[in-house]
Amino acid sequence: MKMNKKALSERDICTKFITPHLVSAGWDLNTQIREEVGFTDGRIYVRGKLHTRGAQKRADYILYYKPNIPIAVIEAKDNNHTVNAGIQQALGYADTLEIPFVFSSNGDAFLFHDKTVKSGTIETELPLNAFPSPEELWEKYKTFKGISDDVEPIVAQDYYSDGTDRSPRYYQQIAINRTIEAIARNEGDNRHLLVMATGTGKTYTAFQIIYRLWKSGRKKRILFLADRTALIDQTIRGDFRHFKEAVTVIKNKQIDTAYNIYLALYQGLSDNKNSDSDAYKQFSPEFFDLVVVDECHRGSAREDSKWREILDYFKSATHIGMTATPKETKEISSSEYFGDPLYTYSLKQGIDDGFLAPYKVVKVTLDVDAEGWRPPKGFLDKEGNPVEDRIYNRTDFDKHIVIEERRKLVAAKITEFLKGSGRFSKTIVFCVDIEHAEGMRTEMANANTDLVAINSKYVMQITGDNLEGKRHLDAFTNPSEIYPVVATTSKLMTTGVDAQTCKLIVLDSNIGSMTEFKQIIGRGTRINEDFDKHYFTIMDFRNVTALFADKAFDGDPVRVKEARQDDDISGAEDETEEETIFDELTGEDLTFPEAETPDITIEEELPTFGTRRKVKVNGVEVLIIKERVQYMGEDGRIITESLRDYTRKSVRTAYASLDTFLSSWRNAAKKRALVEELEQHGVIFAALQEEIGSAFDPFDLICHIAYEQKPLTRKERADNVKKRDYFTKYGELARKVIDALLNKYADDGLLDLENPAIITLDPIKQLGTAPEIIRAFGGKPAYDAAIHELTDELYNAV
C-alpha cells in the first residue's frame, strides 16, 4: 500500500525521509546530526513575584562537521507545505547561530541556501538523494572562512569534554570558533577582543579557547591575567582545574617555568614602587605565546598602566582581551589596544535568549537628594563644629557629609522591601566608600535586630580593608550558604564576584561610569533555578538607573517604580506592574584591585573630604517623594501603563476584534496552545487572576480585559452547560463522567479538561477504569468528539 505523505506529521517526515537521506550522504547519526536542537532557554517574563518562560528557539536539525563546529541547519515541514516553506525560518536560525549552509525540506526534496555564495545562484533545489556530504560542506566552509589545509587541524581541534552533557551555548561556540579561526589564520593581527555580558560564561569560553590552542600545539605557554584574587580563585577552582598538572597559580612573585598554563594577578607580577623587581621579568619576553586578559577594561586599556607594561613585555604573544564592558573614554580605550571585538554578546541578547535574569527596578527618591539640604544658621555637626553654609546634594551625601537620618531611612526601606520579598534574599548594598559601607552595616543590623540576634553574620561589611568580611565573600556567593545575607560594600564586589543567587542590588553610591554601572548590574544577572533565582531587583536611591536611558546601555529594566515617603514597598514584589529604581549616582570611575597577598594594594575610596574627615550630622528630617510605575514591553522599551492596558494592547495586536479572537479560540484544536502563545507575548494569566480573580479562566480574562465583556466564572459556565442538558443523549456512565468533568473544570479550569489523562484522576477515576470510560462514549474518537463538544458548550456564551 502506497504511503500517503500528506497524512504524515512533520516528525514523520523527518524520521522517514530526511534523516535516512542525511545518513546516506555520509552524516554520522551520533556525532554529526542533532535533531530538535533548542539553542536558547526562552526569555523570562516577570510580573510581580510571578514569572514564566517564553518559547525556546529550536532548530529541527543542526549538522556538525565535528562536535561544536556547526555548519548546516535544516528546517523541516510536513508534506502539506512546499519544499521551500521553512527556508526563511531556517535563515533566521542560521543568522543567530552563524551557520553558512541552510536547508528546507518537506520530504520531497531539499532547498539549499548557500550563504557563502556572493554572486550567481544562491538557492538550489536538490533531490533527497543529492544532499551534500560532510566533506563537501566542510571544504566550502574552509574556503569561505579562509582556512588553509595547514591550519585546518587547529580549527578542527576538539573541544574539551568532561564526559557529561555539558557543551558550550551557541554564543560561546561562536566566540570560541571565531577566536580559534582568527588565531589559526594569523593574518598579522595579534590582538583580539571578546565582549560578553556578565554571567554568560567568559571564563568557560576562555578555557575552551586555551584548551584547543594548547592541544593543537598552536600555543604552548599561556598566561591568564586578572586583577582580583576572587577571579583567580574562581577560575582555578572552576574549568581550569581540568588542566591538572599543566596549570599553576603564580603567588608571592615565585616563578616556576615548568608549567604550560599560568594564572596570575597583574599586581602579583609587578611592583609599583620598584620596576626592577617586577616578577614578570623573571620570564623571558618570548616565554608566553598567548596572554588572556580577564576583565580587560579595568587596566589594560590604559596606556600608562601596569597592565600595559606586562602586555608590552610579552608583545610577541597573541593577546586576547575579555570583558563585559569595554571602556572607551578620552584617556582609555579597549578597542584602540585590542581592536574591534571579534564577537559581542550583549546583556539585552542574554536576557532575550533567557540565559540572563531580567530585572525590576525600585526607584526611591529622597527629598534631600532631589532638592538638596542647606543647614539652618548656626547648625552644628555631632562634634559641635559649625557646618559650612551651602547646599549639599546627593553627590555630597556619605562622601563629604553624613546625615544619619538618611542612612536610617535607606536601611528601613531596604528592610521593608526584604520583608515583602524574602528576608533571606541575598542582597548587595553598594556604598560610596568604606566608611559608608561600615555605617550601613550598622544601620542594617539595627533595622533587622531579630535576625542579627540569631546570627550576627546576617549582615556583613565586605570591603577590601575588612579581612573578616572578605573571608565570608565565598560564603556569600555560595548558593548553599545562608549567611551572610546582606553585604555592604564599596568597590570590592563591583566585578568578578559570581553571586548566582543575588536577588537585590541596592545602589546608594554615586556612579557616573557606564562601565562600573554595567559591572554592578552584572552581579545580579545570573539565573539559578535550583534556588528560585529567575530575576532580580535593583533598588536605586541615587538615580543611577537613569543610565538605563543611555544609548550605551543595552538591557532595559522590566519595571520602574518610584516610591514616596509613606509607601509600603514590602509588597513591591507582588505588584503586577513592572518596577524600576531610578537614582542619581555621579562619581569617578576608579580601579580597585583586591587580593590576599601582601604585594597588592587595596585602593577602595577612603572617607575624606579634602584634608578633613567627613562631617556627620543628625536631627535632619529626611523624606521620600514621588511614585511612578513603568514596565518593559515586547519591543524592549519602558512603557507607562497598567497591567490591564498592556494586556489589552498585546491581545488586540494579535486579535484586532472580539470576533477574530472568538474564531481563533473556537477553531483551536487545543486551547492550551493559544494560551501559551499569548503568554509568549508577555501576557501572564496568573498575574491577571491575582488582580481580577482566580475564579475566571483565560478565556474570560481576555474577553473582559481586551474587549470589555462581562466575565463569567468557571462555575457559572459549568452550571450553564448543566442547565442546557445537552448531554442527555449519552448513557448513564458517560453522563456521570461529563458531570464530573464539568465540576473539575469549575475547580481547576479548561487546561486540565484538555488533558487526556484527566480520566485517570479523582474524581473521574472513581467512576470506572479508563477503558471502561472510553467504551461508555463508544470508543476513543467518540470520547474526543464529546470533549470537543463539551468545550464548545462551555464557551457558547461570551
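This briefing goes through the cores, aromatic contacts, sheets and backbone features of one structure. The model is predicted, so local features need pLDDT of at least 70 and side-chain atom pairs count only at pLDDT 80 or more, whereas totals for chains, interfaces and linings use all residues. Residues are numbered from 1 along each chain as its sequence is written, and side-chain values use heavy atoms, with hydrogens and water left out. Helices (H or I, at least four residues) and strands (E, at least two) are DSSP runs, numbered from the N terminus.

**Nonpolar cores**

- A nonpolar core is a set of buried Ala, Val, Leu, Ile, Met, Phe, Trp, Tyr and Cys residues joined through side-chain atoms within 4.5 Å, where buried means under 20% relative accessible area, exposed over 50% and partly exposed in between (1.4 Å probe, protein chains only).
- The largest nonpolar core has 87 residues, and those with the most contacts inside it are Phe103, Phe131, Tyr170 and Ile210.
- Helix H5, which covers residues 170–185, gives the most to this core, with nine residues.
- Apart from this core lies another one of 51 residues, among them Tyr655, Leu701, Val721 and Leu794.
- With contact taken as heavy atoms within 4.5 Å, and with neighbours within four places in sequence left aside, Ile210 is in contact with Ile222, Phe224, Phe240, Phe243, Ile261, Leu290 and Val292.

**Aromatic rings and charges**

- Rings of Phe, Tyr and Trp (its six-membered ring) pair if their centres lie within 6.5 Å, and planes under 30 degrees apart count as stacked, over 60 as edge-to-face and the rest as tilted.
- By this rule the count comes to 51 aromatic pairs.
- In one of these, the ring centres of Phe283 and Phe314 are 6.4 Å apart and the planes stand at 65 degrees, so the pair is edge-to-face.
- Phe283 lies in the loop between helix H8 (266–269) and strand E13 (290–294), while Phe314 lies in the loop between helix H9 (306–313) and strand E14 (318–323), so the pair ties together parts that are 31 residues apart in sequence.
- Both Phe283 and Phe314 are buried, and they belong to one aromatic cluster formed by Tyr259, Tyr262, Tyr280, Phe283, Phe287, Phe288, Tyr313 and Phe314.
- Tyr337 and Phe338 also form an edge-to-face pair, at 4.8 Å centre to centre with 80 degrees between the planes; Tyr337 is buried at a relative accessible area of 4%, and Phe338 counts as buried at 2% relative accessibility.
- A charge sits over a ring if NZ of Lys or CZ of Arg is within 6 Å of the ring centre and within 35 degrees of the ring normal.
- Arg191 lies over the face of Tyr337, at 3.8 Å from the ring centre, and the charged end of Arg166 sits over the ring of Tyr204, 3.8 Å from its centre.

- Two strands pair if DSSP finds at least two bridges between them, and seven strands form an open sheet with parallel pairing in the order E11-E12-E10-E13-E14-E9-E15.
- Strand E11 (247–249) and strand E15 (343–345) stand at the edges with a single partner strand each, so one side of each is left without a neighbour in the sheet.
- Within the sheet, E13 and E14 run parallel and are joined by five bridges, and the bridge partner of Asp294 in E14 is Met322.

**The six-stranded sheet**

- Six strands form an open sheet with mixed pairing, in the order E1-E4-E5-E6-E7-E8.
- E1 and strand E8 (123–127) stand at the edges, each with a single partner strand, so one side of each is left without a neighbour in the sheet.
- Strand E6 (residues 101–105) and strand E7 (residues 109–114) pair in the antiparallel sense over five bridges, and Phe101 stands opposite Asp114 in E7.

**Backbone features**

- Most residues other than glycine have a negative phi, and most peptide bonds are trans.
- The peptide bond from Tyr483 to Pro484 is cis, with omega near -5 degrees, and Pro484 is found in the loop between helix H17 (473–477) and strand E20 (486–489).
- Glu36 is found in strand E1 (residues 33–38) and has a positive phi near 50 degrees; at 44% relative accessibility, Glu36 counts as partly exposed.
- Asn252, in the loop between E11 and strand E12 (261–265), has a positive phi of about 55 degrees although it is not a glycine, and at 45% relative accessibility Asn252 counts as partly exposed.
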